[in-house]
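Please look through the structure shown below, with attention to how its side chains pack and pair.

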Number of protein chains: 2
Amino acid sequence: MADAHAPERPLANGQTRIDFQTEPSRYRHWKLTIDGDIATLLLDVDEKGALFDGYELKLNSYDLGVDIELADAIERLRFEHPQVRAVVLRSGKPRVFCAGANIRMLAGASHAHKVNFCKFTNETRNGIEDLSANSGLKTICAINGTAAGGGYELALAADHIMLVDDGSSAVSLPELPLLAVLPGTGGLTRVSDKRKVRRDHADFFCTTEEGVKGKRALDWRLVDEVVPGSKFEDAVAARARDFAAASRRDGGAQGIRLTQLTRSFREHSVEYETLSVEFDRSGRIATVVLRGPAEMPPASADAMVAQGAAFWPLKLARELDDAILNIRLNEFDVAAIVFKSFGDPGRVMAYEHFLDAHTDHWLVREIRHFWKRVLKRVDLTSRSLVTLIEPGSCFAGTLAELAFASDRSYMFLGRREGDNKPPAAIALADANFGPYPMANGLTRLGSRFIADAADLEQAKAERHRMLDAERAQKLGLVTFALDDIDWDDEVRVFLEERASFSPDALTGLEANLRFAGPETMESKIFARLTAWQNWIFQRPNSVGEEGALKRYGTGQQPVFDTRRV
Amino acid sequence: MADAHAPERPLANGQTRIDFQTEPSRYRHWKLTIDGDIATLLLDVDEKGALFDGYELKLNSYDLGVDIELADAIERLRFEHPQVRAVVLRSGKPRVFCAGANIRMLAGASHAHKVNFCKFTNETRNGIEDLSANSGLKTICAINGTAAGGGYELALAADHIMLVDDGSSAVSLPELPLLAVLPGTGGLTRVSDKRKVRRDHADFFCTTEEGVKGKRALDWRLVDEVVPGSKFEDAVAARARDFAAASRRDGGAQGIRLTQLTRSFREHSVEYETLSVEFDRSGRIATVVLRGPAEMPPASADAMVAQGAAFWPLKLARELDDAILNIRLNEFDVAAIVFKSFGDPGRVMAYEHFLDAHTDHWLVREIRHFWKRVLKRVDLTSRSLVTLIEPGSCFAGTLAELAFASDRSYMFLGRREGDNKPPAAIALADANFGPYPMANGLTRLGSRFIADAADLEQAKAERHRMLDAERAQKLGLVTFALDDIDWDDEVRVFLEERASFSPDALTGLEANLRFAGPETMESKIFARLTAWQNWIFQRPNSVGEEGALKRYGTGQQPVFDTRRV
């Protein structure tokens, strides 16, 4: 396999890690403008603004850096611009909407980066759909030119795709004929499961380099509207007004600012305000220690809005998201993420009650949806996930979801000798029974207790109580409860064992065991589609020296192993 | 990648291809005995009876040859022994039930063989579950010893798992800790989705080499019953009687014999009685030409039983199944399978009417279920599937499913110049709207018309009519209708193009586009689980020279790339 031990190529501008934090004033590729209740997201990629050395972002092609800006803009539409009801995605370049993921970037990226790049771009597109489905902000994609590969996949995330009918503008998924890979950012799944394109039409479309345009694109359900060039601008504006008028978004008049996170990257840790990440490099463990709130919740919804990004649940969610992404893309050697917490579980529950009391407030809704997405990101992180519930911890309500997201949890039974911290307790809240579905559509507890609905009901009846280790284990909420005598050894042996296993096999195991029960379009993207793409990303026909990805643009034809597998 | 161009290892005994036909008198590994309404399938693997040279089948481990016998036995229980209501799966060896797929076999097999071996064993296990769900023949797995890996996965296909409680007998899925691969024959999916084992218990179980035994195995839902050794035989016998008594199987008193297929393997073709397969080796195409029935259907159900395996729908299904398996496992270089047919569509429809008229007859039910499984096998065959509907063809009813299973279909419009064959027509029957669900639980037409139920209704309204190319295209039943002027060129260009694409990318594309809509446990096995396993089967941590699969049993520890992907 070509790149098993290949180092990551160098980041541009001497950077040493990929940063997921940005803000509109620093965007190099996207421009976010707001006009009343309509926003425009203009893609105008800076060719020289690539994340890594070694390639240019021609023809509005993208790399992870471009998508980090898009993801940031989407969050700002949620939190900073609650009055926006429709957003138009379009290109700032003539005759090209977007050429998709940059091929040179892909050809030179390590397998681990490719896979995690695709995961992130998928999450961003799911976030756009979540924005429409749950926040009422509708997305129109206006394509005046070619939308190829990832460019069309971006369009597929929109509610409404408009294509200019000029005899040349087309949508296409040319990955297979051009590069011998799949459209990997949800394209195949959205074509078949969202757009519901007939499978033989989809087969034709995905094997035709030049794609489909005009009436056929409409007839085959690939786009929602084709419009002559002369009428395109007016039609896009009219459609944006229509969607904004039909939107049921009822955000406040005034948003909150997503201020910059305060972080400090050190050699073996990252310090945030509400959590820290400690790296045990030889043990290949990252320990995320979440800190409970220092204060009780604000007195009113207005006071919450006044706190803005400093409101503890929101700040913690943003910092956790950043911490997880940092591990995913910058710390490939971490085998397991251990979640710990420290704080007063009663105070955490006070925040749950506050959020429940203001559940119809736009900001509370957005915070809960944000937590939902962060927790989904945790579920989809291909590292072993472990929660250690120790004396002094505060895994209550939303924080307890981390234990249920984990592959295993260990809970400390009683007190530690010579330690006066209160015995570990966990507490369930309404938040554990609804607002945070996994990609499979079930809550984490619903997935956990899929065998017997009575177990779920039993847990539900225990809401708002502090549950000690014995009770938590009886209820099936933790994997093992261990006392002071066994704790250190059992946990150490488990983590050492985990680090000794093949990382790939663990990735596959966890990708299966974490998602019992039904599948949704979203889970199909991350399993069926992604797993096949990951396989193809290992095959010589794409990534080998004679493979299509390596030979693209060289003038040499790829050489394929012709055996079907 | 280690084995990209590795040739298959030599077959044992100088054989030149893997043969899927066998019969009980030739079994080397299984023994099928019948006692009233209870059958026993005894696994007693002949160590020297491996399919390939280079390994021995120790400890009741298996290779494809062992599973071909099992699949054969299951079919015979359906057709030859309709009076059997329960079957006990057990081992003929002391202290070991089954050690799973043979590791030496896996370590030396090509990627293409490994993947297709797993696909076949999965289909066999799905067939066991289909036998229970749809034919009422219940399966009890009696484990007196260790059931490891594929051994436990075989047990997972049963309705009831009994484990002897002797302090050492255990069930386990040690693939990850031992071999750095997944349990690949449905194990993870059945643990989470069929047995509904809690995910953290499943995580523990699947990472613990020695597995789980006794009470914990029961508490964790891994088995249904643990029984002390002294009472095991009685308990198994009693349980078999219970299940037989509760079975609703109402097969006839007398089965039919599944006689040997009459086949002739030639250099560039295989000739069966109801079909032929022609290989265009340079074009990498296999053309399957199905022949319509020579006679009208028999006059009565009794006459059908008298025909037995010669009854045209059954014979065709068996021959098609064999032909598909032959291509899958012996003809890796075939890029596309082209289905053609020749015969009187009216006579094919007469058979549909006959089957519909006797839909409650046990043999008709079994034949329809057999066709269901053969068609699922077609869906899951990783070759491009194309149906060419030409003048003189007979794609009616069940045969039309092949067109709907295909990635594309082309239908000839009008007559060929200088040819007096009747213009192509297709016809729909009740069989196209229910009895042949795909792995996703939908019919092929239901999947095809997933965008709009009205399209499905419109097609349904056209049942029992001969539909010409124009009408068929209007109804959305075929991809393209082409006349004599375009036909040859369009079809040729398409097939050449298909053969020019990366086989892997096509495999991934088709695995996504063929299965729109819902997922089931079965489809999760073939997509989520299998796709991840295929990926792992390409990773150096398992198949590399220092990988776990290669180093197993050498005394050397595997060396892993520690990066998580």
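**Packing and pairing in the predicted model**

Leaving out residues up to four places away in sequence, Leu41(A) touches Trp30(A), Lys31(A), Leu32(A), Leu70(A), Ala73(A), Ile74(A), Leu77(A), Val87(A), Val88(A), Leu89(A) and Arg90(A), where contact means heavy atoms within 4.5 Å. Leu41(A), Tyr152(A), Leu41(B) and Tyr152(B) are the residues that touch the most other members of the largest nonpolar core, which has 206 residues. Such a core is a set of buried Ala, Val, Leu, Ile, Met, Phe, Trp, Tyr and Cys residues joined through side-chain atoms within 4.5 Å; buried means under 20% relative accessible area, exposed over 50%, and partly exposed in between, with a 1.4 Å probe and protein chains only.

This is a predicted model, in which local features need pLDDT of at least 70 and side-chain atom pairs count only at pLDDT 80 or more, whereas totals for chains, interfaces and linings use all residues; side-chain values use heavy atoms, with hydrogens and water left out. Residues are numbered from 1 along each chain as its sequence is written, while chains are lettered from A and ligands numbered from 1 in the order in which they are written. The model scores ipTM 0.96 and pTM 0.97. Chain A averages a pLDDT of 96, and 99% of the residues score at least 70, pLDDT being the predictor's confidence in each residue, from 0 to 100. Over residues 1-5 of chain A, however, the pLDDT is below 50, although this stretch has 18 contacts in the model beyond near neighbours in sequence. Where pLDDT is low, the predicted coordinates should not be read in detail.

Turning to charge, side chains of opposite charge can pair when their charged atoms come close. Over all chains the structure holds 116 salt bridges, each defined as a side-chain nitrogen of Lys or Arg within 4 Å of a carboxyl oxygen of Asp or Glu. One of them joins Arg492(A) to Glu496(A) at 3.4 Å, N to O; both residues lie in helix 18 (residues 484-500) of chain A, four residues apart, about one turn of the helix. Helices (H or I, at least four residues) and strands (E, at least two) are DSSP runs, numbered from the N terminus. Arg492(A) is partly exposed at 40% relative accessibility, and Glu496(A) is partly exposed at 46%.

In chain B, Arg498(B) and Glu510(B) form a salt bridge of 2.9 Å, N to O. This pair links distant parts of the chain, with Arg498(B) in helix 18 (residues 484-500) and Glu510(B) in helix 19 (residues 503-513) of chain B, 12 residues apart. Both Arg498(B) and Glu510(B) are buried, and they belong to a network of salt bridges whose members include Arg199(A), Asp203(A), Asp407(B) and Arg514(B).

Helix 3 (residues 111-135) of chain B has 25 residues and reaches 35 Å from its first C-alpha to its last, close to the 36 Å expected, the expected span being 1.5 Å times one less than the number of residues. Of the 25 residues in helix 3 of chain B, 23 are buried, and just after this helix Gly136(B) takes a positive phi of about 75°.

Finally, Leu475(A) is found in the loop between helix 17 (469-474) and strand 19 (480-483) of chain A, and Leu475(A) is buried, with a relative accessible area of 3%. Leaving aside its neighbours within four places in sequence, Leu475(A) is in contact with Phe449(A), Gln458(A), Glu462(A) and Leu467(A).
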